[in-house]
Amino acid sequence: MNDHTLAEQNHKQSKEQLSLLLTITMEVAAANDFSSALEVVLRRVCEKTGWVLGQAWVPSRDGTVLNCGSVWFCGNGELRDFRAVSEATHFKPGLGLPGRVWESKQPAWIEDVSRDPNFPRTAAARAIGLKTAVGIPILSGDKVIAVIEFFMRESRSKSEQLVKVIAAIAAQLNLVIERKRAEEELCRTNEILQSILSNMGDAVIVADKNGKFLFFNPVAERFFGTPGTQTSPNEWSHRFGLYLPDKVTPFPHDQLPLTRSIRGEEVDNVEIFVRSKKATKGLWVRVNGRPLKGPKGELLGGVIVCRDITEIKEEEFFRAGQSDVLEMIAADAPLPDVLTSLVLLMEGQAEGLRCSILLLNRDGKHVRHGAAPNLPQTYVKAVDGAPIGPRNGSCGTAMYTRRPVVVTDVMTDPLWADYRELAKICGLRACWSTPILSAQGDVLGSFAMYREQNRGPLPEETRLTQIATHIAGIAIERQRQQEILREREARISLAAESADLAFWILYPEQNTAWMSEKGRLIYGFDSNLPLTCDLILSRVHPDERAAVKAAYDRSCALSGTFESEHRLRLPYGKTRWVIMRGRCLKDEEGNLLETIGVTLDVSAQKQADLQLQHQREEMAHRNRVSLMGEMTASFAHELNQPLTAIANNASAARRFLQHGNIDPALLPQLLQDMVADSQRAGEVIRGIRSLVRKETSAHTLLNLNEVITDTVRLVSTDVLSRESVVTTELEPQLPQVSATLVQIQQVLLNLIMNALDAMEGLPPAERRIIIRTRSDKGDVAEISVRDFGTGLPKDQPDKVFDHFFSTKQKGMGMGLAIVRSIIEAHGGTIVGENAADRGARMIVRLPAVRGQTQTVAAA
Amino acid sequence: MSDPNQAGDNEVCVVDDDPSVLKSIHYLLASDGFKVRTFNKAEDFLTHASAHHVPVVVTDIWMDQVTGLEVLARLCALSPKTRVIVITAREDLAARATAMAIGPVAFFMKPFDDEKFIGAVRDALSRSEK
């Protein structure tokens, strides 16, 4: 063969191979499955490229060995023996021709198999004269999914060209496998989809753009029935029984989710109530819809998914029903109404269920009718008033034992022995009763369920019972508490009416107020006058109004309690004395909610007090006047001294003038002295006047040492005339007291006069009075007046303070009684004691004003 | 005041514990030209009387510390010739009787008539033994 010929031959060969490749590619593409594609490949390669035998090897399932595939091709029948040997052979990776190709993932060429050291089938090959062999891997991705091998009888050197062609053909097989896999995948996906649609709990309906149903899954058929003969969308609501949530208005067809999704809308969570032949009790569905679109976005139809939400809705309605009952309780609806609503709510939750609520009587021994709207009146009447006990039907026993009592058959249960006939008449067979307990665990009543079948409660019925007893417990307990509250109010009101006590509540935020009837009487308000805080305040006497308001505001801000004694001024000028006492109620944040309190009318008591005080003042005044009488010597002396000086000075001036010998500087001096003495006389008179005045002035801060010094001077003349001596021993650090000057003077004068009287029988040298002050830790200022007289009655020294008790012949017996009332009105005490040797000592203690000490030299 | 040693014979002593009364009597007597010696305390006067001749004394009989009657009694012992004029702010018959028994030449209730008082002092002074 020359070069030209060789080139021509090569060219021709290439052309043939290309043509082969095209042919096989088309044939493989047309093949239905892998086997037929493989068969095409094996046959065509043998026919067109001069091989006599072609067969395939496939990895075992566990991937450890290659097995001979079922598809093969051979040019003539003599090769069957080799085929048989191949079928019996299994190659591990690297072993033999298939194993080598499998392991290396590369084609392999053997020029003479009879001389190849790694060819276990040598004997069989030699027997039928097979020489050249080629192995080609078929790869899917990186994985060898098969190895194909071809044999020929001639010994032929490796042709790379030929290997390439066969490999290219083999690669076509991979396409088939991929396509096949995709088809299988699709098929499987379809199956899954079908399975989902068939088994899903939601209904799925597909319709085309004209509203023609394309698909109803089984659930859709269960919900709505079969699509049946085609209907137009505007008949759907009627045909399938579709309603708005009000359960009565047919669903507008143009608003149906499927209609809308066919129009191209996306529809979410539309609730539809369905009542049809299929669903006679009705069911609730929540629907989502989506339009179906073609590849170019054109509308093809719509699909809806409907979920059964009946249970959710019923639970919702049940909860709403519970809320309604709780609202009734909160609004203080009558208990029978509340319990009846509760029973009806429970009965609505299960078919054929009847319920009743019985109350435990206050005596704790009998039942009272509560609510049983669907039980026969005969039964209700028979049970009302029945006793509770260990064998008293379901309810009486449940209340008695405080435990649920389940009677599955009233016809046989011993608990029902007394009620069996009644139950029979009323058609009751099972009765399960649960006690209703208060928060503290007290039995309030019972809740019972009745069935016409003999059976025990289902879990759902047990759940309903728990809810019912809980709500009933709240309702009954609240009613009990309100009863107790009403009774308490009535009792308090009764007490208040008989005690001149006003009850009131102020709501400062709203400026409104409430007041009991008695209160309105005390404050002078008409029964039906709407009250405000301001109105109540306006009744307070104008002189005290600001102070009362300030005290109230301060108390509310600080302690939360309030007390005030003040006057009220009523219409027509009437005045009342009241004591007002209140407490401020605040919320968690400390805001004032209301002030609740009482007002006590103390006018009568006050009147008596005022009268008593008046009498006391009168008495004290008489006492002072009488003291004045005893002090005439002192007063006369006190007045006569300045008058004498004035008269003398005036006479002196006249005489100087008459004699014409006056010193020019002397006359003004005389006149000046007269003025000073006139003033001094005036002071004496003022002092006397203040002592005999009826009203005594208000409290001031007093230094008792000064008061004692002044008083002793005032009586000095009388003391002298009685040939007695008063000495004082005054504590310089004596604290001040808050007191009325005249009253303290009155106390001292009484004590001094008494002391003088007590010493009348003594020789003048022994008539001594010692007035001493001292301070007890700065808390108390103490005055003691000691004499050396006859002393106090030994058996009862305190008797001297009693009214009309006197040891003196001329005494009224009022002095010391008045002294004591004055001291006590100042918050102090007075005691009398007999001194160790002789005479009496009166000790007055007055509360000191803290931090008020004044140093005064002792007189 | 006058020199006690030279003017002692016609000097009038006045005893009163009330300063303004004492001062006014001093002026009253001075207006008629008497020489006057005043004492705020009875003790001071008695001390004076023990060392000096006192022809006339005007004294209150109610004073702190010592009663006028006491003064009278002690003066009587000390200087029996001294003529005593008593002035008092209080009408006390018992005291008056006691005083008169001791021996005053005149007795005046405060306030008193100036003419009679000065007349009494003048009279007492003129009768006093020189």
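Chain B of this predicted model has a mean pLDDT of 80, with 78% of its residues at 70 or more. Within chain B, strand 2, residues 35-39, has the highest confidence, at a mean of 93, and helix 1, residues 4-7, has the lowest, at 42. Residues 1-7 of chain B stay under 50 throughout, and for that stretch the model has six contacts beyond four places in sequence. Where pLDDT is low, predicted coordinates should not be read in detail. For the complex, the predictor gives an ipTM of 0.88 and a pTM of 0.41.

Next, the contact between the chains. Chain A puts 24 residues into it, and chain B puts in 19. On the chain A side, the elements that supply two or more residues are helix 20 (632-659), helix 21 and helix 22 (704-721). Helix 20 of chain A has the largest share of that side, with 17 residues. Sorted by class, the chain A side has 10 nonpolar, 11 polar and three charged residues.

Last, a helix pair inside chain A. Helix 19, residues 603-630, and helix 21, residues 666-692, have axes that come within 8 Å and cross at roughly 140°. The two helices of chain A are therefore oblique to each other. Helix 19 of chain A makes the contact through A:Arg624, A:Val625 and A:Met628, while helix 21 of chain A uses A:Ile688, A:Leu691 and A:Val692. By class, that contact has five nonpolar residues, one charged residue and no polar ones.

Conventions: Residues are numbered from 1 along each chain as its sequence is written. Chains are lettered from A and ligands numbered from 1 in the order in which they are written. This is a predicted model: local features need pLDDT of at least 70, side-chain atom pairs count only at pLDDT 80 or more; totals for chains, interfaces and linings use all residues. Axes are lines fitted to C-alpha atoms, for helices over the stretch in contact, and angles run from 0 to 180 degrees between N-to-C directions. Helices (H or I, at least four residues) and strands (E, at least two) are DSSP runs, numbered from the N terminus. Angles under 35 degrees count as roughly parallel, over 145 as roughly antiparallel, 65 to 115 as roughly perpendicular and the rest as oblique. Two residues are in contact if their C-beta atoms, placed from the backbone, lie within 7 Å. Ala, Val, Leu, Ile, Met, Phe, Trp, Tyr, Cys and Pro count as nonpolar, Asp, Glu, Lys and Arg as charged, and the others, Gly among them, as polar. pLDDT is the predictor's confidence in each residue, from 0 to 100.
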